[in-house]
Structures are given as structure tokens and as C-alpha cells.
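Please keep the structure open as you read.

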Amino acid sequence: MSGPRPAPQPSPRPGLSLQPPRTPASARRPRLTDAETAARVLDAAVARVAESGVHVALDQVSFERAIEDAQVSRASAYRRWPTKVAFHADVLAETARRTRLEPDSETDIAALHAGIADLWAATDGTQGRRDLIVEALRLAVSYDLSRLRASAPYRTYLTLAAALTALPAGIQPEVGSALAETQRRFDRHRAAVFAGLPDLIGYRLTGSGPDPLLDLAHASGALMTGILLRSFADPATLSERSDRSPYGSSVSRLWSDPEVQLVGLFLAHLEPDPDVIWDATRVQRSRDLLADRAAWAARLREAQRDTAPGEDRSAVGRAN
């Protein structure tokens with residue numbers, strides 16, 4: 001008994017083929033090298049980024065993990081933050097508000113004293129005082145840059161500021177407001193730090209605005225932020241130095257470009273006070289004022305420790 005016969009296959013009509021048509025050689029996609037492939041893919045991806053922007057993921061900020069770490073009721077936490085967007089907005093805003101500028105350390109102040117010790121002897125003359133002031137400013141801004149760059153909270157603050165427009169749209173307004181609030185606090189902090197500078201060096205502020213000291217604080221903070229952001233991509237910005245004696249100094253020292261920029265900014269806002277008479281008593285006064293900076297910085301650090309983190313924060317205020 002034979003099996004079923006296979007179904008008859010249709011016969012192609014004369015001149016027709018059942019095979020898919022071949023792509024003409026002229027229409028085939030050209031074979032690309034690896035470099036050409038990479039260039040095309042990157043061009044396409046970069047075009048997408050240019051169109052839609054870069055977005056920051058917040059997966060590492062886990063609501064559930066925070067509830068677990070805080071040992072609070074999940075129901076209470078979800079009642080306070082019904083959505084992750086609301087939670088993330090408060091977390092990032094609170095992170096910005098809790099950032100503090102570190103005062104001068106005892107080590108930095110001691111290093112500044114040592115760095116200008118040999119320049120005090122010539123302060124009875126105009127050139128000697130200029131040498132001392134320029135070098136003291138160079139050392140001060142250098143230590144400020146190093147201290148801020150090493151501060152993890154400040155680096156986080158800079159990251160938030162730089163990434164603000166990449167955050168989800170529902171988060172941006174609150175985080176932006178907190179960043180602006182923190183920046184104003186930074187300006188006030190710097191203004192307080194700079195308040196004794198004119199008397200210390202026998203100069204006066206040159207600004208014509210209602211608050212020249214706050215103007216100097218704002219300008220120096222903006223410039224320092226830009227310098228630090230650049231240094232994360234190019235660390236050599238801070239480490240590369242060359243022999244220079246700028247701003248009327250006769251003393252050659254190893255300067256970095258950021259030091260030149262920041263000292264120039266300070267000297268653009270300050271000028272010698274013609275009412276100051278530089279005699280032995282005045283020189284000693286400047287030395288005493290500088291010596292008191294260590295105690296002043298210690299008092300400021302103590303005051304910051306005594307201030308409850310986020311004492312003025314609005315996120316907690318809204319919860320009460």
C-alpha cells in the first residue's frame with residue numbers, strides 16, 4: 001500500500017521565478033569599515049541627544065530602601081510621598097540645602113602663615129606690601145579650591161547644579177529653587193569670610209553697588225564653580241603651574257591659571273586704602289588679624305556643627 005501522494009507543485013509561468021528578486025548591485029548598502037560604522041552610529045545617537053537632551057536616572061535613590069533605613073511605617077511614608085517624583089524632588093532639594101561651605105582649616109591657615117613669613121620684613125614699603133598681599137591671596141584661593149574639590153557634599157551640589165536640566169521635569173522646579181537658595185547662602189557665607197579682608201590688607205572695596213562685599217562673594221563663587229567643574233574633566237587645570245609674578249608683585253611663585261584668575265578677580269574689587277598709614281603699629285595689626293583667622297574659622301566650624309542639618313529646609317516644613 002503506497003503512502004499519500006505529495007501535492008502537485010504549481011509550474012511557474014514562462015519567464016517568471018519563485019525566488020525573491022535580487023537587489024541590484026547599485027542599490028545595495030555599501031560595506032562599511034568599523035570606523036565608518038562607529039561614526040554613523042555615534043552621529044545618529046548624538047543627534048537624538050541634541051533633540052531630546054540627556055536625562056539623569058534616579059534609580060539609586062530607592063524609596064523602599066530609605067523607608068527601611070529610616071525604620072518608619074511604609075504607610076506613613078507613602079502618605080507623605082504618594083509618588084516617587086515627589087520623593088525624589090524632596091531628596092535632591094534637601095541634599096542641596098544641607099550643603100555647607102567648609103571654613104578654612106587650621107592646616108591651611110598654618111600653611112598660609114608659613115608661605116608669607118619671609119615677606120613681612122619688607123612691608124614698610126609699597127612694593128613689599130604688594131608682594132605680601134598678592135602671595136597671601138594666591139595661597140588663600142589655592143587652599144579654597146583644594147578644600148572644595150575634596151568635599152563630597154560640595155561635589156554632589158555641583159553635580160546637581162550641572163544636571164538640573166537633565167532631571168525629570170516634575171523635579172526640576174523644586175530642586176532648582178533649593179539650589180538657588182543654597183547659592184545665596186554660599187554668597188552670604190563668602191561675604192562674611194571676606195568682611196575682614198580689606199582691613200587685614202589695608203585695602204578698600206571698589207564696587208559701586210549697594211553691597212560691594214556681596215558682589216565680590218557672588219563673582220568669586222561663580223568663577224570658582226566654573227573652575228571646579230572644569231577641573232573634574234581636566235585635573236591638570238589645577239595642577240599645572242608656571243613661574244609668574246603677576247599683579248605688580250616682584251616675587252616669582254608657581255601659579256596655576258585658576259589662581260591667576262581668582263586673585264585677579266579679588267584685586268579688581270579692591271584697591272589700596274589711602275587713609276591707611278603703614279607704620280610698625282599697622283603692620284603688627286595686620287599680623288594680629290591674620291593670626292586671629294584660625295580662631296575665627298574654628299568658631300565658624302563650631303557654629304555650623306551646632307546648626308541642625310536642614311534647619312531652614314522647606315521640605316520638612318511642608319510635612320509638619
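Helices α10 and α12 run roughly antiparallel to each other, because the angle between them is about 170 degrees and anything over 145 counts as such. Keep in mind that this is a predicted model. The axes of α10 (residues 212–233) and α12 (residues 257–268) lie 10 Å apart. On the α10 side, the contact is made by L216, A219, S220, L223, M224 and I227, which meet P258, Q261, L262, L265 and F266 of α12. Nine of the residues in this contact are nonpolar, two are polar and none is charged.

Now turn to helix α8 (residues 172–194), where you will find T182. T182 is buried, with a relative accessible area of 0%. A polar atom of the T182 side chain lies 2.9 Å from the backbone oxygen of A96. Beyond its neighbours within four places in sequence, T182 touches A96, R97, T99 and Y157.

The aromatic residues deserve a look too: the whole structure holds nine aromatic pairs. Two of them are set out here.

| Pair | Distance of centres | Angle of planes | Class |
|---|---|---|---|
| W81 and F87 | 5.7 Å | 80 degrees | edge-to-face |
| F194 and F266 | 5.1 Å | 80 degrees | edge-to-face |

F194 is buried at 11% relative accessible area, and F266 is buried at 6%. In the other pair, W81 is partly exposed at 22%, whereas F87 is buried at 6%. W81 and F87 also belong to one aromatic cluster with F63 and Y78.

Key. Residues are numbered from 1 along each chain as its sequence is written. This is a predicted model: local features need pLDDT of at least 70, side-chain atom pairs count only at pLDDT 80 or more; totals for chains, interfaces and linings use all residues. Side-chain values use heavy atoms; hydrogens and water are left out. Axes are lines fitted to C-alpha atoms, for helices over the stretch in contact, and angles run from 0 to 180 degrees between N-to-C directions. Helices (H or I, at least four residues) and strands (E, at least two) are DSSP runs, numbered from the N terminus. Angles under 35 degrees count as roughly parallel, over 145 as roughly antiparallel, 65 to 115 as roughly perpendicular and the rest as oblique. Contact means heavy atoms within 4.5 Å. Ala, Val, Leu, Ile, Met, Phe, Trp, Tyr, Cys and Pro count as nonpolar, Asp, Glu, Lys and Arg as charged, and the others, Gly among them, as polar. Buried means under 20% relative accessible area, exposed over 50%, partly exposed in between (1.4 Å probe, protein chains only). A polar contact is a pair of N or O atoms within 3.5 Å; within protein, one must be able to donate a hydrogen and the other to accept it, and residues adjacent in sequence count only if both atoms are side-chain atoms. Rings of Phe, Tyr and Trp (its six-membered ring) pair if their centres lie within 6.5 Å; planes under 30 degrees apart count as stacked, over 60 as edge-to-face and the rest as tilted.
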